[in-house]
Amino acid sequence: MEPECVEKWDAAALKELDDSAIQEKIDHEVHIRDGIMKLLAACHEEVQALETSKNLLTINARILALMGLLQRHRAKSVMRRKGSSSTAVSVDSDDDDAPCRAQLSLSDIRVPLMWSQEDHNKTKTEQHLYYVFCLLKLDGQVLDTALVETDESETDVSFDNVIVFDNVSHDFKLDIEIYYSVSAESAANRFSGVKRPLRRTGSGPELTKFILAGHTQLTVDHLNESVKSHDLKTGVVGASPLATTTEGSNMPQLALWGQICCRLAARPECVEAAQMSGFLDLQRRTGSQFSWCQLWCVLRHSTIKCWNRKEDCNNAEPVELIEIKPNMEIADTVSPTFQKRHILILTSVTPEKEPVLASNCEKEYGCWRDALRQAIRDVAAWKTACKQEMNIVYPSPKKIPSVETKTLYESVEVTLSCNVHDYLKRDAKRVPLEELKSIPADPVASVECTYDIWQRRVPQNRSFRKGGKKNAKTDENALNYESTI
């Protein structure tokens, strides 16, 4: 099934803002909340109130997230003013030595349900109508999915939303919260198309209350190319401060299976393009003897691929593969032997042979050393995302239906039951287009066509519309198509 919408967000955008820019965003969200409150007061249908209440909950959670981000920014500013210069230097160095960022995709969200046999066998008039949506939080960004209807006859709730985050750090924490509300009506009129009126009190429309059904937190350890299930937690511990549960409420409980299924994929920057390429001397072992062989090496996707020639990298399999592992370290040295080669040794705790690389150029030696150290950091941080290539798939945008430009005269279909050859002999002036040359000469054939097939000409006499006399010659030799509509 093609997802209905794709949302793309920059996960690091809020972190890069200063205090004044964050405060402006908070004021903007507050104005939006005021507008939502006014819209809620004007709602007359239950579906309108549900959508408005969902947006209100999302806006409130977004304001709280921005306020927390602003508080952390101000706390860091105070620490920088009171702290020593060494603290600032350490922060900058950590940013320089950080692993690469990635593009994160969340899709195929599905929440399994576990109704009792009694609830599952209820009639539609006895079943409750539930409205469910998910709230997503990542690095200050707060998003929501579509609102989905369900009842006790269904076994899961599926969401078609696809959310893509850019510039995601390796230590991300994606919080998913599942909220639901119960309609005042039964599930009998779910597919009837009848718009349910909204219950109103003396002070205005009744505010729809959403209950927290479950929540979970996903990290880099949950990345996978396929759809996986993750355990859900119940209760408000670890959830948004706005969350409420069914305690003290008579609202029926959404029977969760206890898990949520989704596809969480990431594509680090180190996978997108080659990090380093060039000629290196690789140490090979033949029996008890070691020898050096110059190869064209490309560092990409946490692997060094080597070819005999540069031209072979596009159309041949590599002759050597050196896999970068998270527990590797680089031992670099300048050896006086081998014509003063600059040697890089990839040490590891495993008993495998340690790859030994060498470069004659000091500049390339430094570039390769930095690139290998960055690759080791990336593999240790992103884990399976560097080993398993995960696709960030965007569904093709839905085509907007083109506006119908044909007139009624061009679009009306007319069925002609006649002998085509006899008709052409009787009226030689009307010549069919090329499309009719392939029609078989069947005297009883029924030809279904539109006016585009025949050459159209304006009737010479329209007096019949005014009740005037008809031209006998025209009636005899010409067929007025307007009279057949």
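1. A crossing of two helices is called left-handed if the near helix is turned anticlockwise from the far one by less than a right angle. In this predicted model, helix α1 passes helix α2 in such a left-handed crossing.

2. Helix α1 covers residues 19-41 and helix α2 covers residues 46-82. Their axes come within 9 Å and cross at roughly 160 degrees. Angles over 145 degrees count as roughly antiparallel, and α1 and α2 are therefore roughly antiparallel to each other. Sorted by class, the residues in the contact of α1 with α2 are 16 nonpolar, seven polar and six charged.

3. Where does His-301 sit in the chain? His-301 lies in the loop between strand β15 (289-300) and strand β16 (303-307). Its relative accessibility is 16%. Buried means under 20%, so His-301 counts as buried.

4. Which residues does His-301 touch, leaving aside its neighbours within four places in sequence? The contacts of His-301 are Cys-270 and Val-271, together with Ala-385, Cys-386, Lys-387, Gln-388 and Glu-389.

5. On confidence, the chain has an average pLDDT of 78, and 71% of the residues score at least 70. Two stretches deserve a separate remark. Over residues 398-409, pLDDT stays under 50, and the model has seven contacts beyond four places in sequence for this stretch. Over residues 442-485, pLDDT also stays under 50, and here the model has 71 contacts beyond four places in sequence. Where pLDDT is low, the predicted coordinates should not be read in detail.

Methods. Residues numbered from 1 in each chain as written. Predicted model: local features only at pLDDT ≥ 70, side-chain atom pairs only at ≥ 80, totals over all residues. Heavy atoms only, no water. Axes fitted to C-alpha atoms, helices over the stretch in contact; angles between N-to-C directions. Helix = DSSP H or I, 4+ residues; strand = E, 2+ residues; numbered from the N terminus. Parallel < 35°, antiparallel > 145°, perpendicular 65-115°, else oblique. Nonpolar A, V, L, I, M, F, W, Y, C, P; charged D, E, K, R; others polar. pLDDT = per-residue confidence, 0-100. Contact = heavy atoms within 4.5 Å. Buried < 20%, exposed > 50% of the residue type's maximum accessible area, 1.4 Å probe, protein only.
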